[in-house]
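I open these entries to record what I looked up in the structure, element by element.

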Amino acid sequence: MLEVDFVIWLTVITFVKSEVCQKLSACKCQTSDGVVDLSALPSFTNIKDPQNYLNDWNPCAARPCGNTGKGDVSICQTSNIPGTPALSYVNGYLRTTRFIGEVGKDLVLHYTGDNVTGTANLRQSSISLICVPNSAVNNLTAKGEKVAGDVNYIFTLRSPHACLVPNPGLSAGSVLLILFFVAVMVYIVGGILFLRFYRGASGVEMIPNYEFWKDFPLLVKDGMIFTFRGCKSDTTYSQI
């Protein structure tokens with residue numbers, strides 16, 4: 001009985017389209033519904049993390065990174081220990097920028113930098129992009145390493161520039177929905193008119209493919225049960 005209830009619940013689930021934001025540049029990505037454009041963001045400097053490092057982030061333009069002698073840098077980290085020389089590290093090259101996740105849910109800007117000296121550990125940075133549409137402030141928070149010692153540094157940006165700017169006119173998803181519902185209406189109305197006036201049907205017999213749709217829920221249930229049983233049929237015949 002539990003298996004049947006689970007199957008029934010599966011038949012009423014609504015699937016939502018998940019779409020990756022395709023990279024257009026180091027600070028811009030696009031979906032079928034619009035664009036996320038970070039090009040209006042300023043450069044962020046001296047953002048302190050819990051490990052007392054100072055972090056600089058240049059979203060769209062490459063900059064040198066402290067005493068590393070490296071260019072093409074987006075995220076630069078500098079030590080901040082009083083009485084000791086400042087040392088800088090490349091935690092993200094501009095050319096390595098990737099957009100990961102879905103806009104409005106879990107969109108992340110990801111970078112890779114240099115290896116830790118003498119190891120194969122690659123420095124990385126991940127910036128979660130949080131849309132704050134009514135804010136006039138761009139707030140970058142440095143949270144430090146994801147796991148101590150993994151040199152994978154986590155940031156959160158809260159900004160109106162992290163919001164999706166819709167495309168003018170209808171989105172691709174809206175067009176597909178319109179076409180779908182138009183096709184459904186043509187199928188139903190056209191089918192009813194054809195069966196009524198060409199075949200003289202009446203009552204429920206005017207519903208197009210009535211027998212199929214009447215049995216459809218049972219067919220779906222049988223198919224799901226068959227799948228969850230590992231594609232094994234429930235037969236009472238004895239094996240020969």
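Which residue in β6 stands opposite asparagine 55? I found glutamine 77 in that place. I note before going further that the model is a predicted one.

**Entry 1**

Strand β5 covers residues 54–57 and strand β6 residues 73–78, and they pair in the antiparallel sense over 4 bridges. I then traced the sheet and read its order as β4-β5-β6-β7, an open sheet of 4 strands with antiparallel pairing. β4 (44–48) and β7 are at the edges with a single partner strand each, so one side of each has no neighbour in the sheet. From one strand to the next, I recorded an average twist of 20°. As a general point, I keep in mind that strands of a sheet pair through backbone hydrogen bonds.

**Entry 2: serine 88**

Is serine 88 buried or exposed? I list serine 88 as buried, because its relative accessibility is 12% and the cut-off for burial is under 20%. I also found a polar contact of 3.2 Å between the side chains of serine 88 and threonine 78. Neighbours within four places in sequence set aside, serine 88 has contacts that include Cys65, Gly66, Asn67 and Thr68. Cys76, Gln77 and Thr78 are also among the residues that serine 88 contacts.

**Entry 3: strand β12 and its partners**

I asked how many of the 8 residues of β12 are buried. The count is 7, so the rest of the structure largely encloses β12. I looked up its pairing with strand β10 (residues 122–131) and found the parallel sense, over 8 bridges. In this pairing, arginine 158 of β12 stands opposite isoleucine 130. With β11 the pairing is antiparallel, and I recorded 6 bridges. Glycine 144 has isoleucine 154 as its bridge partner in β12. β11 and β12 make a hairpin with 6 residues between them. In the turn, I noted that glycine 149 has a positive phi of about 90°.

**Entry 4: lysine 146**

Where does lysine 146 lie? I located lysine 146 in the loop between β11 (139–145) and β12 (152–159). I class lysine 146 as exposed, because its relative accessibility is 60% and the cut-off for exposure is over 50%. Residues up to four places away in sequence not being counted, lysine 146 touches Asn152 and Ile154. I also looked up the separation of lysine 146 and serine 126: they are 20 residues apart in sequence, with 9.5 Å between their C-alpha atoms.

**Entry 5: rings and charges**

I searched for rings whose centres lie within 6.5 Å, and by this rule I count 7 aromatic pairs. For phenylalanine 180 and phenylalanine 181, the ring centres are 5.3 Å apart and the planes stand at 70°, so I class the pair as edge-to-face. I also recorded one aromatic cluster formed by Phe212, Trp213 and Phe216.

Which residue lies over the face of tyrosine 93? I found arginine 95 there, at 4.3 Å from the ring centre. I noted a further case at phenylalanine 197, where the charged end of arginine 196 sits over the ring, 5.8 Å from its centre.

Conventions: Residues numbered from 1 in each chain as written. Predicted model: local features only at pLDDT ≥ 70, side-chain atom pairs only at ≥ 80, totals over all residues. Heavy atoms only, no water. Phe/Tyr/Trp six-rings, centres within 6.5 Å; stacked < 30°, edge-to-face > 60°. Lys NZ or Arg CZ within 6 Å of the ring centre and 35° of its normal. Helix = DSSP H or I, 4+ residues; strand = E, 2+ residues; numbered from the N terminus. Buried < 20%, exposed > 50% of the residue type's maximum accessible area, 1.4 Å probe, protein only. Contact = heavy atoms within 4.5 Å. Polar contact = N/O pair within 3.5 Å; in protein donor to acceptor, adjacent residues only side chain to side chain. Pairing = 2+ DSSP bridges. Axes fitted to C-alpha atoms, helices over the stretch in contact; angles between N-to-C directions.
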